[in-house]
Amino acid sequence: MAQKHILSSVDEVSTFSAKFVVDTAVEAINERGIFTLGVSGGSIINILASNLAENPNVNWSKWKVFFCDERLSSFSSEDSTYGQFKSKLIDKVGCHDSWVAINPELPVVECAKDYEEKLKKTFTGSWPEFDLLLLGMGPDGHTCSLFPGHQLLQEKEKWIAPISDSPKPPPCRVTMTYPVINNARKVAFISAGSGKADTIKAIFTPVDDESKLLPAARVKPTSGSLHWIMDTGAASKL
Ligand SMILES: O=C1O[C@H](COP(=O)(O)O)[C@@H](O)[C@H](O)[C@H]1O
């Protein structure tokens, strides 16, 4: 069962989300000495970056930040999630060593394998167990780079999968798969704006056939917790 956190404005979503991340980090560092975080791209970048950059309670030396999905674009492109976090947060704080980026120069299949190897330097075991994954959701119900009807929704072996036909540009991306997402200790969607309201209503509406579930509705942590952080616009049809 998802826990809903409904805030009255995008600014409040931003403040709440940053506190949610930092509180989770403090708990993880106290318990295990490290905080493993996965971030998404799109609107989440602006929601998170400045609040995290200004937060004095972040012990960056204990954070390891990966990308839930990433576009194969150069870091100087606006499409690069790493590039955006770099200019809006990483360069300002000087926390470069905490972030694990993809190599966008590689062909997409190799890039996914290479990124999976990078994860394996931090995580042992058959599946990584992230402390927290921050997910976005597009108006079509996609999350990470897992799109409605795409064969990647069935991927059961890879940690990181390549996609070269993303319906949302750019077409070449790498993405975490459901076994990774659903193995996290905590997963939080961050969604703002009334443009997401119909899709959020669909996500929370039960279906008679699991194959009809939108990608974001397939996020069901096996033993972790699921959170939806929304503003009143995004939650307006619930
Ligand atoms: O393409 C992507 O879109 C989703 C949703 O983005 P948003 O701007 O609608 O919030 C994002 O979560 C994902 O990381 C990104 O690659």
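Two residues are said to be in contact when heavy atoms of each lie within 4.5 Å. The structure described here is a predicted model, in which local features need pLDDT of at least 70 and side-chain atom pairs count only at pLDDT 80 or more, while totals for chains, interfaces and linings use all residues. Residues are numbered from 1 along each chain as its sequence is written, and side-chain values use heavy atoms, with hydrogens and water left out.

Leaving aside neighbours within four places in sequence, Pro139 is in contact with Lys196 and Thr199. The C-alpha atoms of Pro139 and Thr199 are separated by 6.1 Å, although the two residues are 60 residues apart along the chain. Pro139 belongs to the loop between strand 5 (132-135) and strand 6 (160-163); helices (H or I, at least four residues) and strands (E, at least two) are DSSP runs, numbered from the N terminus. With a relative accessible area of 59%, Pro139 is exposed. The classes used are buried (under 20% relative accessible area), exposed (over 50%) and partly exposed (in between), with a 1.4 Å probe and protein chains only. Cys144 is also placed in the loop between strand 5 and strand 6, but at 6% relative accessibility Cys144 counts as buried. Phi of Cys144 is near 45°, a positive value in a residue other than glycine.

For Lys168 the corresponding distance from a polar side-chain atom to a ligand oxygen is 2.9 Å, and an N or O atom in the side chain of Asp69 is 2.6 Å from an oxygen atom of the ligand. Taken alone the ligand exposes 390 Å², of which the protein buries 93%; these areas come from the Shrake-Rupley method with a 1.4 Å probe, and for residues only the protein chains shown count as cover. In total, 14 residues surround the ligand (each with a heavy atom within 4 Å of it). The closest are Gly41, Ser43, Asp69, His142 and Lys168.

Lys168 is also among the contacts of Arg71, as are Gly42, Asp79 and Pro170. Arg71 lies in strand 4 and counts as buried at 10% relative accessibility. Its side chain reaches the backbone oxygen of Asp79 at 3.2 Å. Pro170, in the loop between strand 6 and strand 7 (173-176), is joined to Pro169 by a cis peptide bond with omega of about -5°. Ser80 sits in the loop between strand 4 (69-71) and helix 3 (81-93) and is buried, with a relative accessible area of 1%.

The interior comes next. In soluble globular proteins, nonpolar side chains tend to be buried together. Here the largest nonpolar core has 79 residues, and Trp63 and Trp99 have the most contacts inside it; a nonpolar core is a set of buried Ala, Val, Leu, Ile, Met, Phe, Trp, Tyr and Cys residues joined through side-chain atoms within 4.5 Å. Helix 1 (residues 10-32) supplies the largest share of this core, 8 residues. Beyond four places in sequence, the contacts of Trp63 include Val21, Ala25 and Ile29, together with Leu52 and Ser98. In helix 2 (residues 44-53), the buried residues are Ile44, Ile45, Ile47, Leu48, Ala49 and Leu52. Their cover includes helix 1, strand 3 (63-67), helix 3, strand 5 and strand 8 (186-191).

Aromatic rings complete the picture. The structure holds 14 aromatic pairs. Rings of Phe, Tyr and Trp (its six-membered ring) pair if their centres lie within 6.5 Å; planes under 30 degrees apart count as stacked, over 60 as edge-to-face and the rest as tilted. Phe16 and Phe20 form a stacked pair, 6.1 Å centre to centre with 25° between the planes. These two residues are separated by about one helical turn because they are 4 residues apart in helix 1. Phe16 is partly exposed at 28%, whereas Phe20 is buried at 10%. The rings of Trp60 and Trp63 have centres 4.6 Å apart and planes at 50°, so that pair is tilted. Trp63 is buried, with a relative accessible area of 3%. Ring pairs link Phe35, Trp60, Trp63, Phe67, Phe75, Tyr82, Phe85 and Trp99 into a cluster.

Conventions:
Polar contact = N/O pair within 3.5 Å; in protein donor to acceptor, adjacent residues only side chain to side chain.
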